[in-house]
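Dear colleague,

Please find the structure below, handed over for your records. My findings follow it, beginning with a single residue and then widening to the chain.

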Amino acid sequence: MKRYLFIMRRLPYSGGHLQETLDAILTAAAFDQHVALLFVDDAVWQLKNQQHPGGLDLKDTSAIFQALQIYDVNDLYVEEESLQLAGLTSTDLILPVVSLPRVEVSRLMHRYDLIISD
């Protein structure tokens with residue numbers, strides 16, 4: 001079993017990259033690979049609760065994130081500095097995540113066989 005770490009960096013609803021990344025995450029998980037996600041930079045906005053993209057004529061992706069547990073994707077990390085820069089706290093997020101300081105991110109990355117950035 002390979003250990004995958006998907007690093008998400010981009011804003012939600014800024015193109016097709018999010019759906020493509022979610023498809024890759026769910027595919028890896030469906031083949032019983034260990035999958036974890038790390039949200040850094042603008043990607044922390046993907047976890048923001050109470051999103052209403054319907055006004056932009058876009059699909060709300062929060063339901064997909066909430067379904068990750070069904071695929072045994074339970075290791076979710078967020079870079080603490082990115083969360084603070086966005087002005088968000090853990091209570092603003094749709095999922096429970098482990099907050100890591102930037103200095104711990106490289107240590108996290110060394111625990112995985114494959115690192116895939118969006």
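Is Leu83 buried or exposed? Leu83 is buried, with a relative accessible area of 8%, where buried means under 20% relative accessible area, exposed over 50%, and partly exposed in between (1.4 Å probe, protein chains only).

Please note the basis of these remarks. The model is predicted, so local features need pLDDT of at least 70 and side-chain atom pairs count only at pLDDT 80 or more, while totals for chains, interfaces and linings use all residues. Residues are numbered from 1 along each chain as its sequence is written, and side-chain values use heavy atoms, with hydrogens and water left out.

Confidence is given as pLDDT (the predictor's confidence in each residue, from 0 to 100). The chain has a mean pLDDT of 89, and 93% of its residues reach 70 or more. Confidence is lowest in helix α2 (residues 62-66), with a mean of 81, and highest in strand β3 (residues 75-79), at 97. Helices (H or I, at least four residues) and strands (E, at least two) are DSSP runs, numbered from the N terminus.

To return to Leu83, this residue is found in helix α3 (residues 80-85). Leaving out residues up to four places away in sequence, Leu83 touches Val44, Val78, Leu88, Thr89, Ser90 and Leu93, contact meaning heavy atoms within 4.5 Å. Ala43 is 40 residues from Leu83 in sequence, and their C-alpha atoms are 9.2 Å apart in space. Leu88, in the loop between α3 and β4 (98-100), also counts as buried, at 8% relative accessibility. Beyond its neighbours within four places in sequence, Leu88 is in contact with Val44, Trp45, Lys48, Leu83 and Leu93.

Ile25 touches Phe6, Met8, Val35, Leu37, Leu68 and Val73, not counting residues up to four places away in sequence.

In β2, six of its six residues are buried. His34, Ala36 and Leu38 point one way from the strand, and Val35, Leu37 and Phe39 the other way. β1 and β2 run parallel and are joined by six bridges, two strands being paired if DSSP finds at least two bridges between them. Phe6 has Leu37 as its bridge partner in β2.

Finally, Glu79 lies in strand β3 and is buried, with a relative accessible area of 6%. Leaving aside neighbours within four places in sequence, Glu79 is in contact with Leu38, Phe39, Val40, Asp41, Leu100, Arg102 and Val105.

With kind regards
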